[in-house]
Amino acid sequence: MNIKDIWKKMVGNENIRKYAANNENNTLLEDYMKQARTLNDKELNLLLLYVNTRKYAERDRCMLLMTYFAGMRIGEVAATKIKDVLGADGTIKQEINLTAEQTKGKFARTVVLNEKLRKELLAYLLTRFSKQDLIAIQYSTAKEKPLFSTQKSEGFNANTACYHFHMLYKRAGLEGCSSHSGRRSFLTELSSKSVPLKVLMELAGHRQAQTTMRYVNVTQDMKRAAVELI
């Protein structure tokens with residue numbers, strides 16, 4: 001059963017959007033999403049090419065890449081504020097310090113941003129503000145606003161963002177994907193490059209090793225590389 005059928009069965013096709021908009025803290029599809037398929041580089045590029053054809057392309061691209069380049073949960077992406085990523089000097093921070101209220105596990109955690117993602121975040125913010133404004137924001141109430149907002153200028157919640165991702169994947173022709181695909185791809189890619197499990201746990205914000213391992217997908221390339229070590 002695909003994710004569309006899961007949604008239909010649980011909440012009814014006509015009520016999907018209403019349900020997502022009014023159940024901010026619900027994690028209805030959590031177990032299913034953990035098994036969302038991972039994307040390889042070619043598929044990710046195809047997804048981004050599709051996103052670039054859409055309105056709000058810069059926003060959607062950046063939201064997606066926060067899951068692929070930083071392993072963030074969809075709820076964490078939705079909960080991120082401008083002040084979380086923007087430094088006092090108008091540059092992008094190297095880390096996002098999420099509060100317990102912003103994370104699913106109710107424990108504060110640090111998200112490390114690589115250089116590629118920092119460039120994406122800066123490019124996105126420059127579609128909303130000038131370079132001068134990026135410094136001034138730190139001294140205004142604008143810093144408290146959501147980093148990503150809907151077309152109605154409202155912030156996403158976990159479920160509306162989840163449904164938004166579902167539609168992006170579906171329209172890009174990528175079946176079996178969900179808002180957890182980026183997070184799973186992030187951990188799988190790092191695992192394939194022999195990043196230690198303890199580091200994966202820290203980057204994912206997990207407290208149990210078995211939780212992290214459920215996110216790692218063993219690919220054919222990983223198995224081929226392993227047997228060549230013999």
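## Basis of the model

Because the model is predicted, local features are reported where pLDDT is at least 70 and side-chain atom pairs count only at pLDDT 80 or more, while totals for chains, interfaces and linings use all residues. Residues are numbered from 1 along each chain as its sequence is written, and side-chain values rest on heavy atoms, with hydrogens and water left out.

The structure contains twelve salt bridges, a salt bridge being a side-chain nitrogen of Lys or Arg within 4 Å of a carboxyl oxygen of Asp or Glu. One of them joins D60 to R54, with 3.7 Å between the closest N and O atoms. D60 is buried, at a relative accessible area of 0%, whereas R54 is partly exposed at 24%; here buried means under 20% relative accessible area, exposed means over 50%, and partly exposed lies in between (1.4 Å probe, protein chains only). R54 and D60 also belong, together with R59, to a network of salt bridges.

A further salt bridge pairs the side chains of E120 and R61 at 2.9 Å, N to O. Since E120 sits in helix α8 (residues 115-125) and R61 in helix α5 (residues 57-68), this pair ties together parts that are 59 residues apart in sequence; helices (H or I, at least four residues) are DSSP runs, numbered from the N terminus. E120 counts as buried, with 18% relative accessibility, and R61 is partly exposed, with a relative accessible area of 23%.

Helix α4 (residues 41-51) has E43, L44, L47, L48, Y50 and V51 as its buried residues. Seen down the axis of α4, these buried residues fall within an arc of 155 degrees, so they line one face of the helix; the arc is that of the directions from the helix axis to the C-beta atoms. The buried residues of α4 pack against α5 and α10 (158-171), where contact means heavy atoms within 4.5 Å.

On the other side of α4, the residues D41, K42 and L49 are exposed. At the start of this helix, a side-chain oxygen of N40 comes to within 3.2 Å of the backbone nitrogen of K42.

Definitions and conventions
Helix = DSSP H or I, 4+ residues; strand = E, 2+ residues; numbered from the N terminus. Polar contact = N/O pair within 3.5 Å; in protein donor to acceptor, adjacent residues only side chain to side chain.
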